[in-house]
Each structure stands twice: as C-alpha cells, then as structure tokens.
Amino acid sequence: MHRVKFRSCLIALATGMTLIVSGCDQPAPPVTGAAPTMRLLSESQYRNIIADLFGAQITVGGSFDPLVRTNGLLTVGATNARITPAGLEQFDRMARSIAEQVVSEANRDVLIPCKPASVSSPDDACATAFYKNVGRILYRHPLTDDEVRSPVAVAAAAGRDLGNFYDGIASGLAGMMVSPSFLFSIDATEPDPSLPGKVRLDGYAKAARLSFFLWNTTPDDQLLTAAEKGALHDKKGLNAQVDRMLGSPKLETGMRAFFNDMLAFDDFAKIEKDSIIYPSFSAAVAEDAKEQSLRTIVDLLITQQGDYRDLFTTRKTFMSGPLGRIYRVPVDRPDGGWIPYEFPEGDQRAGLITQISFAALYSHPGRSSPTLRGRAIRESLLCQKIPDPPGDVDFSLFNDPNSPNKTARDRLSAHATQPACAGCHKLTDPIGLAMERIDGAGQLRTTESGASIDPSGDLDGVKFTDAVGLGKAMRDNPAVPPCIVNRVYSYATGRTPERTEQPLLNHFEKQFTSAQFRLPKLLQSIAASDALFAVAAPEARAAAAPPEKDNKS
Amino acid sequence: MTVLIPRKANRREMLKGTLGGAAVGVALPFLDCFLTDNGTALAATGAPLPVRFGTWYWGLGHTPGHAITPKTQTSAGIDFLEETKALKPWEKYINFYGGFNMPLDGRSNYTHFTGWVASRTGSAPSGNNDIPAPTLDLLIADSIAGNTRFQTLDMTSVGIPRENYSARSTNSRAAAEASPEKLYARIFGEEFMDPNKAEFAPDPRVMVRKSVLSAVGEQSKALNAKLGASDRARLDEYFTSIRQIENQLDLQMQKPEPNLACAIPLPIKRDGDEQNMPQGLEVDTVVANHQMMTKILAMAVACNQTKVFNMVFSDNFSHMRRPGQTYTHHLLTHEETPDKVLGYQPVAFSFNCRTMDSFASFIEAFANIREGDGNLLDNTLIFAATETNYARVHSIDGVPIFTAGRAGGRIKTGMHVVGNGDPITRVGLTAMQIMGLPIDKWGTKSLQTSKTITDVLA
C-alpha cells in the first residue's frame, strides 16, 4: 500500500501534472485542538469583502486600529484584538459611507435585487431579500430569523422616519456592517457526531477559516453551499473545495496578504526617505518596490510553482519605470506598466533580500541599517528571536571623535566590543553587513563616506562574499523551511502553535520537503488537515492562555 | 503654506446670523450673564465649568544639566534652562516633577517603551508590546467623559496612527488621528453642533443611527452564549463602545448649552494635493502638524467635544529628522559625539529644544482661549511625560514629567516637585485624584504607591 502511494507520488512529481497529491501523504500526528477563536477582520480582509460583495467601485475610507504583531504576524494579533470606542466610531463611519454608496442611484439597480413597491415607504419583502442575500456573505453563514428580522425592522423604521425606502435599506445595512458577526470571524462549534462528547467547528466556521487563509476574504457561494451541505466535514468534500480554492485566481490575493503580513510590508505605510539624501526615492518607488516583491513571490511560488527557497536566489523579477531608475534598468513601458525582468548572471541583485523593498524597509530614512536588516532576516525569514537591546548600553566608543567610523562595519565593530551588545550583534550584523552595498533606498554603492564597503560575512557558519552569497546561504539554511511552515500554520489558525504541536509542524515540513518545497503543497497539506479545524470543547476557551507576543515595538 | 484661522464670531456676525450667505436665523452669543458672578459656573444650571484632562507625549527625555536645574527640596519656582526656556512664560501654570524613580522588580528596561508604560499604567511591562493595565487617561475618561461627543481624542503629529500612547490593554489601542485635516473633519465636520446657534432641530438621521446601533447591540447579545470567557470580555468591550457612540448620538439630539469660548475654526487649507500632504518625520513638518492639531484640539475642548485628550508630539523613539541628515533624533542621542565645550550632543539638543518649544505652544493655545473669568488652561490639567531621562543611556530613573494647567483651581502651580527616589506613579496617582477619581493607591509591585503629592494640592 505504501509502495503504491510512494510510486504515485513520484509519478506526479516527475510528470509535473500536479503537485497536490494526497496519495503520498503520511498520516498526520494526532491533534488535540485549541480554543476556538474570534478574529477581528484585518483592513485588507474588510476591503476584500466589500469589493467581493459590492464591487470595486465602492470606496472604503477610514482608518483601522493597529493590530499587535504576534508570532511574527498581525493575523495572530487579530485573534486577541478588541474594538475601541474610536475604532468602532471608524467602523460606523465606514459602514454608513458604504451603505450610502450601495443604495445610491448609480448602484441600487445592480446591488439590490428587487424594487420597492414605493420608494417613499418601507418594503419588508424587498428588504428581507436584500439582507438575506448580503448577510450570508457578510456574516459568513445564512442568516437566522433573528438576524434577518433585526435589519428589516431597522429598515422599516428608518424608511418611515426618513421617508425613503433606500435610506432605510442603507440604515439596516450599516447596522450589519458594525455588527460583531461581521467584524469578527467567530468560530461556531457543534457536537462532533464521530467523537461523542467532543465538539467540532461547524461547516461555516470551517469555510471561513479556509477562505481567510487561502483567499483573505469571505467564503464565496460555492464554499458556503458546501458548508451548508456538510461537505466540509467529509474528507472528499473538503479536498474538493481546497483544490478548487488553490486553483482560483483568488489564491494570489490570499498569498499576497500572507507575505505582506510575514514580511511586515504594512510598514510601507510609514516608510520615509530623506529627499535630499535619496532624491530618487519617492512614494511611487515605495509602492512599486512592495509590488515588485509581491509579484516576484506570486510568480515564483504560485504561477511557476517553484521551490520556496529559490525566493532567496532568483534573478527573475518584474520591473516598472520608477524602479528602473533605481535599478538602472531601462523599462520601456510609458504606460507605467510592468515588464518581466531577469538580472544577468553575476549581477549584485538576486533574491528577495537584494530587492529595493527589503533593503529600504529595513533602513533608516537617511541611511542603511545592517542591524535592522539582520534582525528582519533572523526574525521574519528564519523565525529566530533576537533579544531586545539592553537598556544600559555604553555608546562612548561610538562617540569617540578619534574613531571616525566611516562605514557601518566600523561603527558596529565598535559597538560589538561591548559584551552586553556582542551576543545579539553577532547574530544580526554578519548578515546585515552583507547588504551594505545596497543603500537605504535600495541603490547599489561600493563606498560609504569614501571608504570601501566590505560586504562579506557568514550565516550560521556558511561564509559568503556579498548579498548574493547571503541569498545562497539563506536558500540552504535549514531554518528556512520550518520557518515558513510555522508561519503558514500560524496564519491559517490565527494563533501561535503550541509546543505540543511540534510533531504536527514536523509532519507538514516533511510533506513540504517531499514536494520540493512547493508552497501550494504546503497550503494544501494544512488546508485539508484535521489540525486546521481542530477545536477544544467550549469550556476550554476561558482557560486558554493568550499566545506569546512578540517583543517588538 | 498653512492657513488655520480660528473664526471667532463677533456679536455683529452672530446677530446677523449668516452661513454661507444664507440666512439661518438669529444666533444669540454666549454672554457673561450665562455665568455666575465669579465666572466659574454656568448660571442656568449651577454646574461648574468642566475640568479637563489631557496628556502630551514627547520622546527621548531631556538633555541632563541643560533642561531644568535640579533641586533638593520641593519648593515654588522652576529654573528653566536653555532647553526649556520657552516654558518660562508659563511657569505660573506649570509644575515640574523630577527625581522620581521607576523600580522594575527585576523586569527588563525595554528601551523607549518601559518608561512610558510604567508612568502611564503604574505597572512595568513584561515585554516590549505589553501594556499591563489601562493608561491613566482612560481611567480618568471612564470617570469624567460623560456628556461629551468623544470619550477621548487621540492625535499624533508624526503622521503615524499607531503612535498612540493611550491604551486599555495590549490589544486595545486606538489609532491616533494623524492628519490635521481628518482631525478637523472628525470634530468640526457635518456632525458638529454649534452651541451658539439659536436654532436647534434634532436631525432625524441621528435618531435613526441610534436605533440602528441599539438594534445591533441587542441582536448581538446572543453571541455571548457562543463565546468563552476571554472572548466574552472582548465582546463586552465592543458593547461598551456601542454605548459610547449611543451616548454621543444622545447628545446630538439635545440642544448644546451656549458656549462663548467655542469659536469654530476655519477648515485647514494647505497648498498642494491633499493626497500628498506632508506627514513625515521632518521636524518642521512635525512642528507644523502639531501646531495645527493643537489649535483644533484646544477649540474642541473649549467646545466641550471632549474632556480627555492625548497628544503625541514625537514618537517614543523620536524618529524626527532634519532634511539631508542621515541621523534621526534617536540615532543622534546614541551616536552624536558630545561637544567638548558645551558638554552635550548639540544636534540632539536642538531637537529637544524644538520639542519644548512645541510644548510651550501647546500650553499657550489653551491659555489663549477665554473661559469664564479665566482661560481654558485654568480648567485643564495636562500631564506631559516622556519615556526616558537621558536617552543616550536609556535611563528611566528621574524621567521628567510636567503638569500644566490649574485643573479648576485644584492644583497649586509654579512648583518644582522633588521625588527623592519615590516611585514615579506618585505623579499619576496625584493627577487622577485631582481629576476626582476616588482612589487611594495606584500601580503594582514596587511601582504601587498611596502617597499623594500633597504639596501641589490646592
């Protein structure tokens, strides 16, 4: 039996027909289940849902309360996030604005499936049809009678008070969009018929987990229908939905969201470069730098189904006009579009960490930062914790006017002579200094303050001569695969894995390794696993300890 | 480039009563006859003028030896040195608190984080995202913020919404308003009700909004049965937020009390594309944003839109910078070579001076608004603190704190208070007691204190 599975696995890999072959999977370790979660929608999820439901023409304005990055992910922080009064005020304002747009004369005929008997008075039947339709998507389950009655009653009262059916409809819709049933993705449980005394997520909660994991948005009609029919409790039905979702164009949206979170690209919202020191860097460059990395990731990992580790060495990317000016690459796209681009063999650019996005994001406004870069590589890409700096650092060596410290290596060498600092800087600096020939705006350079930059270094004992060499060392570093496994699992479940789940993570890593480190296989393994949906009994919810928080500020 | 002109309607304008050229009826101005003889209370209701509380935050502390001359005993008079000289004209409104310590009971000093968390929550954090207790502004808001539109107004002049040092817990931290334009729109936009307009008609849309929220709150209670204890607590916080918006809407359905101090500022107009407004960390931009936000805030307070506010001038790592310089304020504190003659880091010092200049302008904005027989600052208590004493070495003992304002006459001012190594929580405890909170101790572990600073109680 095992031989047959192994053989079918090899055939699949050899022919390249599909990389998602459940036949070569080994049984997963048993899972005990964690507390159900109640996750606050992220800004991107909120925006995606509104676009999916009402179309991209509906604008979403307003700000969202910040989430706390936990286990390297804001998504995990969302599991513990609360709604502040100011935050709810923003949600209320956004909801009213969206609702007004939905019922506007320009949109109502398309977005509201019925016409009222009279525009100047309520129409419960039409309101009921509308709310049942949109509520199923907003709340991620068919509305209960109570859930329908509430907005219909609001719409009727508001329609009477305001003398307009559509104003009434907008009021009821705005109410639904400030409801916790919309703003939080709440795990609903039910008794598990196959395990008496135990509970399981209901089908709609499973659908929501899958959808936010793979698509970063609300479940579509097919997924909700599968949940309604109980198909997500069945392996065959679940696999069918997972395969469908992995084949959907929405997977790109989902994976963009994941890598945006994992790489802390939300910090692009506050990136700032000094316009005198870096005159080429602009808001357009920042936006395109982020987009370039996401395009590189999507193309390699989703479109080409390539090896995840090649992300650190690939010379293939995409180029826009604004980026071309920094990379010094001609881009013949006057329309502002993108072109595929491959850096030549031997170029100083290869892999994610040599792109402008990474170099600029982990730098200061007016200079690079080997420490920030080294820390980002350790924490975001290798899942290794760098301790916080001690509070009582002596900077006198930095301040010595007789030691001009022209380069970052000079400065950090002085710093690392302090025993309290040396331990951590040994972890960050040898890799961060390798990127020093890329300045704080992502431009190549060979000198700093007139002194030649030495970009050599080592990563966990593997020596290299420059940033491209660092990328190769990253590709082969044994911490890379388990890190992406940890992050994907954490992102999918919305929580930090328990220590007792290490065998499970090992299992996923083995499957990932067997599949030549193809991301879709990892996604499939986790999405179709019992572990993604395993929950403890409701009583355990109160006892569940909060997940460990990152020590970042 | 920047135009922010407070439109203080005179009596002639008010009586003429025009808005955008259209007659809207005769507005009667708030006259002194609305006040009691001593000008400290409203004659109609006998209610005292409200006392407000706010925080003002700056990053990276002071330059030791060049900010405030230390004292050995608490006494009247503050010796402002070069870094703080802009505060000298406001000495009669200010107290300085120096020499208070921050015992951590073995916990780490998470650089640029522990300091503000401990002084505002009374507890030392266990990690550098950990906010172990509500900040004092929220405790005060829970007590006094009724009858205003906003429980608190949080804003930051560094353009980054997450830089807000007011939080109920690690995971309950609102985004600060980071744009003066958005702050203006939120306060003085279409939902603002001019207290000095004679005419008042409740907006039926406001009543509808309230009924919508009431229905949502009622219908959502059923969720409680599906949740564990920790998530029920989170849902409770949501319901609290719903109630606060309902309270705001209740207020919008009532005619506000006339208020002479309230003069609606004109909208902000800046050159250039609104989408590309400078919101950067260049120090001139930060100062300009701060000035605009301060004027809006002070008038919002005078117009009774909030009784509690939080202004962040610079972030805890102070990433402020000068154009063309590779070093930010924070990097300078660590890496700038001290001048041998001056004895300090001159460029870092210049950032500190700009910071204190801005604090002085913040105080001035409140002092410039007449209220009763005094000014808004007479009826406000501003708690101004930072996260470190000397940023170069991240020291957290002796972190400087100022209070500004007379809190309705409840606090003596012009004092230099000496902590003698006592926990810094004594300042927060005293501030909360002045604001009327019935508490006799505050803080945890070695930061817990029950010692009010009686020297400043009026």
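Trainee: Where in chain B does pLDDT stay under 50?
Mentor: This is a predicted model, and over residues 1–39 of chain B the pLDDT stays under 50. For that stretch the model has 64 contacts beyond four places in sequence. Where pLDDT is low, the predicted coordinates should not be read in detail.

Trainee: OK. And what is the mean pLDDT of chain B?
Mentor: The mean for chain B is 88, with 88% of its residues at 70 or more. For the complex, the predictor gives an ipTM of 0.87 and a pTM of 0.89.

Trainee: How many helices and strands are there in chain B?
Mentor: Chain B has 10 helices and 14 strands. Of its 458 residues, 52% are buried. Among contacts in chain B with a separation of 6 or more, 70% join residues 24 or more positions apart.

Trainee: Switching to chain A. What does helix α4 reach from its first C-alpha to its last?
Mentor: Helix α4 of chain A, residues 85–102, reaches 25 Å, close to the 26 Å expected at 1.5 Å a residue. The helix has 18 residues.

Trainee: Is α4(A) mostly covered or mostly exposed, and how many of its residues are buried?
Mentor: Mostly covered: 15 of the 18 residues in α4(A) are buried.

Trainee: Where is P330(A)?
Mentor: P330(A) sits in the loop between α15 (321–327) and β6 (338–342) of chain A.

Trainee: Why does P330(A) count as exposed?
Mentor: Because P330(A) has 10 C-beta neighbours inside 10 Å, and a residue with 12 or fewer is exposed.

Trainee: What separates the C-alpha atoms of P330(A) and A269(A)?
Mentor: 27 Å, with the two residues 61 apart along the chain.

Conventions:
Residues are numbered from 1 along each chain as its sequence is written. Chains are lettered from A and ligands numbered from 1 in the order in which they are written. This is a predicted model: local features need pLDDT of at least 70, side-chain atom pairs count only at pLDDT 80 or more; totals for chains, interfaces and linings use all residues. Helices (H or I, at least four residues) and strands (E, at least two) are DSSP runs, numbered from the N terminus. The expected span of a helix is 1.5 Å times one less than its number of residues. A residue is buried if 20 or more other C-beta atoms lie within 10 Å of its own, exposed if 12 or fewer, and partly exposed in between; C-beta atoms are placed from the backbone. pLDDT is the predictor's confidence in each residue, from 0 to 100. Two residues are in contact if their C-beta atoms, placed from the backbone, lie within 7 Å.
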